[in-house]
There are 2 protein chains.
Amino acid sequence: MNEFMRAAIEEARAGQAEGGIPIGSVLELDGRIAGRGHNRRVQRGSAILHAEMDAIESAGRLRAADYRRATLYTTLSPCDMCSGTALLYGIPRIVIGESRTFRGPEAYLRSRGVVLETDASAEAECYRLLQAFIRANPSLWDEDIGR
Amino acid sequence: MNEFMRAAIEEARAGQAEGGIPIGSVLELDGRIAGRGHNRRVQRGSAILHAEMDAIESAGRLRAADYRRATLYTTLSPCDMCSGTALLYGIPRIVIGESRTFRGPEAYLRSRGVVLETDASAEAECYRLLQAFIRANPSLWDEDIGR
């Protein structure tokens, strides 16, 4: 697995260590980490800081041309909110750890021109990490996906 | 215009007074304002705090059943990010001030079952407020919509 997915998993583990939902994300730009983050629902009482949102927010205000060279790494298939944010900014490529626990609107993203890839080398680790959390905290998980 | 769209416009004006992009939003739940907010790109250097996101965040962590009775009021047609957030939480209805300056994925929202309404009584005021800002700050506006 490359360094960006590795960093996304580190973010998920940092969230886990804080008692949060273990999903992590990295925004890669020109071969560097421009932003990184993890789900903050528990830690900040946030309804909008999914991992991808936290990573994009941590990158700060970028130019449109920057987003259009970026790749978003995430340990879990992005939900409608995070997918919509990628569309707003024209992020052209998303690398996903796993889509077994949850699958966002991947077909819609592809129909809008976003390239989606799964990192097979990350899949088992991302899945196990999140599944262990969900077994212990099923209602938190339901809340996070609007269920 | 009803009190919720009035409050959304007040939020847009509060953003304007702070030097920010004048777009406001309110999350209505059971006839009360559960959350309200405005675009914070300038004020907080935020890439994700569009007005609708700020309103939803200010409402805090709600139950899925709450979102499903809520209406999102916004002075401007919601972008891909804010539309995706409404979809994530199953917010069934969005009342829009204007869609002339910018039109988000309204057809897609409808295809996913969201009811969209335009408040004709708010349209001219929402449009004028935002247009005046854009004339003075065209590059900020482009940035806000990922252009």
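Guide: In this predicted model, chain A is built from eight helices and five strands. Their order along the sequence is α-β-β-α-α-α-β-α-β-α-β-α-α. The C-alpha trace of chain A spans about 40 × 30 × 30 Å along its principal axes. Its radius of gyration is 14 Å, which agrees with the value near 15 Å that a compact globule of 147 residues would have.

Within chain A, a salt bridge joins the side chains of A:Arg36 and A:Glu10, with 3.2 Å from N to O. This pair links distant parts of the chain, since A:Arg36 lies in strand β2 (residues 32–38) and A:Glu10 in helix α1 (residues 3–17), 26 residues apart. Over all chains, the structure holds 32 salt bridges.

Now the part you asked about. The contact draws 34 residues from chain A and 34 residues from chain B. Between them, chain A and chain B bury an area of about 2,700 Å², and carbon and sulfur atoms give 57% of this. On the side of chain A, the residues that lose the most area to chain B are A:Ile48, A:Arg61 and A:Leu88; together they account for 26% of what that side buries.

Side chains of opposite charge can pair when their charged atoms come close. Residue pairs in polar contact between chain A and chain B, both residues at pLDDT 80 or more, number 18.

As for where the contact residues sit, the elements of chain A that give two or more residues to the side touching chain B are α2 (41–44), α3 (51–58), α4 (64–67), α5 (80–89) and α8 (138–144). Helix α5(A) supplies the largest share of that side, seven residues. Sorted by class, the side of chain A that touches chain B has 18 nonpolar, seven polar and nine charged residues.

The last point is how the copies are arranged. Two copies of a chain are related by a rotation about an axis and a shift along it. Here, chain A superposes on chain B by a rotation of 180° with 0.0 Å of shift along the axis, at an RMSD of 0.0 Å. The two copies are therefore related as by a two-fold rotation axis. A:Gly84 is the residue of chain A that comes closest to this axis, its C-alpha being at 2.5 Å. Both copies use the same surface, as 100% of the contact residues of chain A recur in chain B.

Methods:
Residues numbered from 1 in each chain as written. Chains lettered and ligands numbered in written order. Predicted model: local features only at pLDDT ≥ 70, side-chain atom pairs only at ≥ 80, totals over all residues. Heavy atoms only, no water. Contact = heavy atoms within 4.5 Å. Buried area = accessible area lost by both parts, 1.4 Å probe. Polar contact = N/O pair within 3.5 Å; in protein donor to acceptor, adjacent residues only side chain to side chain. Helix = DSSP H or I, 4+ residues; strand = E, 2+ residues; numbered from the N terminus. Nonpolar A, V, L, I, M, F, W, Y, C, P; charged D, E, K, R; others polar. Least-squares fit on C-alpha atoms with pLDDT ≥ 70 in both. Rg over C-alpha atoms; globule rule 2.2 N^0.38 Å. Salt bridge = Lys/Arg side-chain N within 4 Å of Asp/Glu carboxyl O.
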